[in-house]
Amino acid sequence: MNGKPKIGVYVCHCGTNIAGVVNVEEVVQFASTLPDVVVARNYSYMCSDPGQALITDDIEKFGLNRVVVASCSPRMHEPTFRKTLLSGGLNPYFLEMANIREQCSWVHEDPIAATEKAKRIVEAAVVKARRLEALDVKEVDVEPACLIIGAGIAGIQAALDIADAGFKVYLVEKSPTVGGHMAQLDKTFPTLDCSACILTPKMVDVANHPNIELMTYSQVEEISGYIGNFEVKVRKKSRFVDMDKCTGCGACAEVCRMAGRIPNEFDEGIGMRGAIYLPFPQAVPAKYTIDKENCLFLSKGKCGESPKCKEACQAEAINFDLQDEIVEFKVGTIIVATGYDVFDARKKPEYAYGVYDNVLTALEFERLVNASGPTGGKIVMLERGKKKKKKEGEEVEPPKVPKSITFIQCVGSRDKSVGNEYCSRVCCMYTAKLAHLAKDKIPDCEVTIFYMDVRAFGKGFEEFYDRVRREGVRYIRGNPSEIFKRGDKLVVKAEDTLTATPLEHETDMVVLSVGLVPRSDNREIIDLLKLSQSSDLFYLEAHPKLRPVDTASDGIFLAGVCQGPKDIPDAVAQAKGAASAAMIPMASGKVKVEAQTSVVNEATCRGCGFCVAVCPYTAIELVEVNRNGWPVKVARVNEALCKGCGACAAACLSGSIQQRSFKDIQILPQIQALGVK
Amino acid sequence: MAEKNSDFEPNIVAFLCNWCSYAGADLAGTSRIQYPSNVRVIRVMCSGRVNPLFVMNALQQGADGVLISGCHPGDCHYMQGNYYARRRFMLMRNFLEYLGVEPERVRMSWVSASEGAKWKEVIEEVVSGVKSVGPMNKFQRRQLNW
Amino acid sequence: MVEIEKLREIAREVISREDVRQLIGYRQGTYGFRARPAFVTTPEEVDQLIFSPACVNNLATYLTLEEKLPVPRGQEPDLRKVAVMVKGCDSRALVQQMEEKAYERDRIVVLGIPCTGVVDMDKVEERFPNVLSRGEIAMEGDKFVLSFDGKREEVPKEELLADKCRRCRYPTPLVYDQLLDEEVARFADDDYSDVLELEKRSAEEKWAYWEEKFSRCIRCYSCRNVCPMCYCEDCVLDRLNPQWMRRSVDISENTAYHIARAYHLAGRCIQCGECQRVCPVEIPLMELNRKFYKDVEELYDYEPGTDAEAPPLLATFKVDDREDFIL
Ligand SMILES: Cc1cc2nc3c(=O)[nH]c(=O)nc-3n(C[C@H](O)[C@H](O)[C@H](O)COP(=O)(O)OP(=O)(O)OC[C@H]3O[C@@H](n4cnc5c(N)ncnc54)[C@H](O)[C@@H]3O)c2cc1C
Ligand code: SF4
Ligand code: SF4
């Protein structure tokens, strides 16, 4: 179909838009002298039906196999004329446009100069057209299923939306329960809704939805393919508890020899659990899990005479021989909703977290105020690390209640010294919330907040901040420099920057409002999906303004804090956005893939991998081929991933990788045509 | 050379990325912003496609100057292309200057899709720069039929 | 100085290994002071091997230059390792070749030679013209000792030292399996004085300088062929379709060739100086390469051939790369 070029050139008047400045006849006259041009015409409006008919008629009459339309910008009418070619029986990529309106007649007044420039533009288009090649217009089918990684509020919301729309969802959660951080919270700012009350119904829905296959305590191990056709491999870790048999009664946990001896992750280590456990009473699924590392039987091979849990389980659900299970499935789209970690307060040694028992992180404090937390919602002074050996008859002293609580904002946020320049967006407000809860639970408690700025930007935030201040919470502007102990009091050393007075503030308990940071295990997902990170190391969206839920890879979307710090409403909004973005290709069932992709000449490729390194879409890989009997590496383009930017073509020193429609062999003649005076 | 420059109309080849600079140049058109007609444009999808050897080739083929224009940093439609272009042209421009090719002849700009007015300024700057150094008379090809 | 006996003993061990196909080292040239590459395949051939300040060639070139002839049907390709002797500068070519995935580390056996400098053979021959018998060069302290025709001449190191050695930052190889001698500490550094001097000139002066140089070029492509980094199967500059440059030898095409050659080595040239050494018309090719080398170091803090894991210079970027030249 490439054949010897027979080119038709069509110069548009665009009414007087072009013809008013450019001498259209002269351009046509000139075009007809150019190599391989068999017909050159002008017409008042090429984009009109009769205009397009000129082209299709000429294709028929002259056997044209290349078409140059000299008119407006290709950004305007390239799709129009590509369709014209198609209806004339030509491959749409045999079109080249010469922009003599936006970039010529509209910007130059002098008819002679404009006509001269128009000729050059047309010549460049003709010499490129001579080299154009037919390209495949390709579509791929989209598997109507979505993989969602992470079942915090963002993942849960996205899963429910997609499943409600009728698509299959595979929801993979690493921990034994869904819910993420939101499940750990007590109330939520600024409305003080009870977190559990609004979250648990959704957790249950996700587990029961007919379109959702929930895999907790599971990890994605492998993903290959591209939009429409991702192959996924998931490892469902063994819980050593038969999920079908476990009734969630908890008899096992009560008798476990390790009961109360292992810090419960869900309680941020403030509460204790056994080796067989449910993270919290409302966990979904309500199935127990044995933690292999801490189980005496699994780690040491022996648990007393025999494992107590096994004896206690009436349902006979406990089975120490259960193995990890690998499941494989295919999806068309993927949503990443892996959330965050809180900042490790140990990285600010001046705050003595981990040194003094009553320096807490805000998340620990959340567990402390939480009615279903380890203290039943009582705010008490902590005695960490002390094993509470209950000796018979011994009176256990009731824990002390703090008389003063001090919060420090921006711990690990807006702090270049720890490498986090960004604002975590939630700490100002959750601090206000926790201060309010403290006041609420211990009315005579003195509550103080050290802050740099209070950022109350969201809906209802300023009002809430105002309310908390009116409740008697004291805000001191200053960034504490040190926390130390004096007697049984903690002393916060700071400077009140509003009055420029140094101060030492005594308090019973310090709560560090730690920021949100990228998860320490993000690398796993980055390697699986080849995601990029922004400078703050959260996952990078495709465009900060216009494609905030997309990633560079088609069919892979982001939701929740994994993309950057945000509160629950924003995480939910983004999840809904990601869900609808993922549903677009699934609903249409097909996606078009870029035709102007890159292509490698394997005979000359030297396998250096420069192209692999530049490609923003990881569309290229090095593969081993046989060259004259020798194994050599060459580049190969995955056309479903290539977006046609051409960065690889400029990086390749041997000219072995070329971008279709923008090959060196097509651009060099353009340069020549434009260079010549 | 000075009096020769007064009526010297340079010939400048420009490589524009489709998404920002080409769109910006189109916007200049839609807004009927007038600018010198010395610049002729080759559209590529991304400034990252532009091989610095295109600059060499254009100067050899008779261009008096070359312009490469892409999206502002962070705005590349393909995320990274303009960053690669920036490195490549920084080096190529320095190198050509080292050979005696005046830096006025090799220019790069960031022009976004909304910067029709900036496009005009860029063109004026580039044209006046090339005018100030006169016609390229160093290593262009003499015989012109390919 | 490397003891020749030790060198041969190690070489013998290496070439006797089952998994080593060939050893590339140096031997005495046929006349004068020159040394030339030796391609050793049997233990017997080891006794020709030498190392001396006459061993200027960068043998890394041969790793990528070797033509891979079609493997006859029914036969297996010989994938055994190749052993190669490298000085500090040459070793950087290996590192850069591996950065560019020319081969895997386990395909080669590297015999590293800590080096105190080699001679500039042109200077030697200028000083001792027409030495047709075989002569030898050795380094003793800060002197080169030349023995030929029964004579022994001492010349201060400075006077015969190759330019690249005056700027050498890596006298001890950066990659090796065995080091043939004690490590040599860095004894020189690069101040780019040559490049800086040229940069100071006016555009006119610069072009006058380069026009004269480029017009001398006969386009023999020796510079390309000797370069350890130029090893494309099919050089893009030779191609007819598309034709980047014509074959005619004139200032236009010659300049295009030299621009393209130097640019293709930006961030890749490891400063071994081989191109300039082999140029029959004495074009100062290193002054071209070194402009890129200097800019790459200054702008991007990048030194080619020092880290095989580094991403290729032009296939990476930093968000805050300099851009004050951009409108
Ligand atoms: C102390 C504190 C108080 C807060 N208070 C409020 C408040 O009052 N109001 C408010 O709006 N916001 C509040 N927030 C913010 C709120 O926690 C977040 O906005 C919200 O939890 C984000 O949800 P998410 O789904 O994005 O992430 P997460 O809740 O972190 O969920 C991510 C889930 O993904 C799972 N996961 C991670 N990696 C993988 C993997 N590789 N494979 C499978 N699963 C994986 C995790 O186990 C987790 O279940 C508070 C935050 C903190 C720290
Ligand atoms: S054209 Fe762009 S997207 Fe396609 S393979 Fe090349 S670098 Fe990757
Ligand atoms: S950059 Fe060119 S030579 Fe290198 S691997 Fe890619 S296609 Fe092959």
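Modeller: A salt bridge here is a side-chain nitrogen of Lys or Arg within 4 Å of a carboxyl oxygen of Asp or Glu. The model is predicted, so local features need pLDDT of at least 70 and side-chain atom pairs count only at pLDDT 80 or more, whereas totals for chains, interfaces and linings use all residues. Residues are numbered from 1 along each chain as its sequence is written, chains are lettered from A and ligands numbered from 1 in the order in which they are written, and side-chain values use heavy atoms, with hydrogens and water left out.

Colleague: Which residue of chain B meets Glu323(C) in a salt bridge?

Modeller: Side chains of opposite charge can pair when their charged atoms come close. Across the interface of chain B and chain C there are 3 salt bridges. In one of them, with N to O at 2.9 Å, the partner of Glu323(C) is Arg86(B).

Colleague: Which element gives the most residues to the side of chain B that touches chain C?

Modeller: Between chain B and chain C, 20 residue pairs are in polar contact, both residues at pLDDT 80 or more; a polar contact is a pair of N or O atoms within 3.5 Å, where within protein one must be able to donate a hydrogen and the other to accept it, and residues adjacent in sequence count only if both atoms are side-chain atoms. The elements of chain B that give two or more residues to this side are helix H3 (52–60), helix H4 (81–99), strand E4 (106–110) and helix H5 (116–133). Helices (H or I, at least four residues) and strands (E, at least two) are DSSP runs, numbered from the N terminus. With 16 residues, the element that gives the most is H4(B).

Colleague: How much area do chain B and chain C bury between them?

Modeller: Contact means heavy atoms within 4.5 Å, and 43 residues of chain B are in contact with 44 residues of chain C. Buried area is the accessible area (1.4 Å probe) that two parts lose on being put together, summed over both. Carbon and sulfur atoms carry 65% of the area here, and the total is about 4,300 Å².

Colleague: What share of the area that chain B buries against chain A comes from Arg40(B), Arg49(B) and Met79(B)?

Modeller: Chain B has 45 residues in contact with 44 residues of chain A. The two chains bury about 4,100 Å² between them, 56% of it on carbon and sulfur atoms. Arg40(B), Arg49(B) and Met79(B) supply more of chain B's part than any other three residues, namely 17%.

Colleague: How many residues does H2(B) give to the side of chain B that touches chain A?

Modeller: Between chain B and chain A there are 19 residue pairs in polar contact, both at pLDDT 80 or more. Strand E1 (12–17), helix H2 (21–30), strand E2 (39–44), H3 and H4 of chain B each give two or more residues to this side. H2(B) gives the most, and its number of residues is 7.

Colleague: Which residue of chain B forms a salt bridge with Glu78(A)?

Modeller: The interface of chain B and chain A has 2 salt bridges. The closest N and O atoms of the pair asked about are 3.0 Å apart, and the partner of Glu78(A) is Arg43(B).

Colleague: How many charged residues are in the shell around ligand 2?

Modeller: A residue counts as near a molecule or strand if one of its heavy atoms lies within 4 Å of it, and the residues around ligand 2 include Cys615(A), Cys642(A), Lys643(A), Cys645(A) and Cys648(A). Ala, Val, Leu, Ile, Met, Phe, Trp, Tyr, Cys and Pro count as nonpolar, Asp, Glu, Lys and Arg as charged, and the others, Gly among them, as polar. The shell has 7 nonpolar and 3 polar residues, and the number of charged ones is 1.

Colleague: How far apart do the C-alpha centres of domain 1 and domain 2 of chain C lie?

Modeller: Chain C is divided into domain 1 (4–179) and domain 2 (193–315), with bounds from an automatic or database domain assignment. Across their interface, 22 residues of domain 1 are in contact with 28 residues of domain 2. The C-alpha centres of these two domains are separated by 24 Å.
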